[in-house]
Amino acid sequence: MNDPKSIPADARRRAASHPAREVERVATRSVGSEGAVDGYDWVAVEAPLEIRAWGPGQEPASVAVTMRTPGSDLELAVGFLRTEGLIGPGVAVVEADCRLRAGVAGVALSRPFDGSSLRRNFPATSSCGVCGKATLDQVTSRRERIEPGPTVARATILGLAESLRAAQRAFDRTGGIHAAGLFDADGRLLAAREDVGRHNAVDKLVGRAFLDGDLPFSERILMVSGRTSFEILQKAAVAGAPIVCAVSAPSSLAVAVADQLGITLIGFLHDDRFNIYSHPGRVVASSHR
C-alpha cells in the first residue's frame, strides 16, 4: 500500500473534495398533451480539466485534457495518473494545486515525471477515457496483481445498487450523471463519486485512495452505474479491485479483460438478480456467507 504518512497533510487536505458547480440550471420548454410550458431544469455540468504533473526540478507538463463534472478535481488528476500507469505505488504526491477557474489540476511528485508512455491522438472525452491509446497490450500490461479478494454473499451484492443510488446527490437533481462507489466485503459504502464520465468517477475514487494510502482495493468491491467497458476494467485492475459490479451490461472486451485479469465481473445488477460474467467463485449464491 501507499504510505499516507509520505504524503504531506496539506496536499491531502487540498486534494479533498472542493465545493464545485456540479449542476447548472438551464431554460427549458416542456411539451406535453396540454401544450408547452416554459421553465427550468437542472443538468450536470460538463467542462474541461487539464491535468499537469511534474517531478523535482521539472516544469509542469500537460498530461491530458479530459471532460468532467467539476468537483474532486485533484482526486481525478491523481487517479488518472495512477490508472494510466504514469505513477506507481512508490510515488508520493508532495504538492497539489487546483485552479478551478482555469480548469487546471496540477500534481507535484516525489520522483521525476515521464508522461511519454501516454500516447493519445486527441483529448479524452467524458464518454471515452481510452481513445487514442497506442495498443491494447499497452493498457492491459499496466496493472497490479489481483489478489484473491473476499467471498461475497448474493444478498450483499444485491444491496450495492440501492446504496450507491442513495449517495447520488447530483443524479437526484439532473438524472444525467454517472457514479462509482467503493464498498467493503459486507456491502458498506466507503466512498462514492459522481461525474458525467463513469471512468472519471472511478478515477476520483482511485485518486482519493492513493492520497490516503488505501490502495490496492484488494478487499473491496467497485460498483459503477450504467455499463462496464474496457476502460473501467483496466482502471479497476490497476487499482487491484477483485470484484466489479454494474447496473447495466458489460461490453465483450470488458468480459474478456475481466477474465484475463482475474476480476469477477457482475452486470445487470437490479431487483433480485444479476449476471456473473467471469470468475464466479467469489460470489456465494446462497443468502449466507
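Colleague: Which residue lies over the face of Trp42?

Modeller: Arg173 does, at 4.2 Å from the ring centre. Bear in mind that this is a predicted model.

Colleague: And what sits over the ring of Tyr40?

Modeller: That is the charged end of Arg25, 4.1 Å from the centre of the Tyr40 ring.

Colleague: Changing topic to helix H7, residues 230-239: how many of its residues are buried?

Modeller: Ten of ten, so the helix is mostly covered, with buried meaning under 20% relative accessible area. The buried residues of H7 include charged ones, Glu231 and Lys235 among them.

Colleague: What follows H7?

Modeller: Gly240, and its phi is positive, near 80°.

Colleague: At what angle do the axes of H6 and H7 cross?

Modeller: At roughly 5°, and the axes come within 10 Å; H6 covers residues 198-212. Angles under 35 degrees count as roughly parallel, so H6 is roughly parallel to H7.

Colleague: Which residues make that contact?

Modeller: On H6 they are Arg198, His199, Val202, Asp203 and Val206. H7 contributes Glu231, Ile232, Lys235 and Ala239.

Colleague: What is the contact like by class?

Modeller: Four nonpolar, one polar and four charged residues.

Colleague: Why might residues three or four places apart point the same way?

Modeller: Because an α-helix has 3.6 residues a turn.

Methods
Residues are numbered from 1 along each chain as its sequence is written. This is a predicted model: local features need pLDDT of at least 70, side-chain atom pairs count only at pLDDT 80 or more; totals for chains, interfaces and linings use all residues. Side-chain values use heavy atoms; hydrogens and water are left out. A charge sits over a ring if NZ of Lys or CZ of Arg is within 6 Å of the ring centre and within 35 degrees of the ring normal. Buried means under 20% relative accessible area, exposed over 50%, partly exposed in between (1.4 Å probe, protein chains only). Helices (H or I, at least four residues) and strands (E, at least two) are DSSP runs, numbered from the N terminus. Axes are lines fitted to C-alpha atoms, for helices over the stretch in contact, and angles run from 0 to 180 degrees between N-to-C directions. Angles under 35 degrees count as roughly parallel, over 145 as roughly antiparallel, 65 to 115 as roughly perpendicular and the rest as oblique. Contact means heavy atoms within 4.5 Å.
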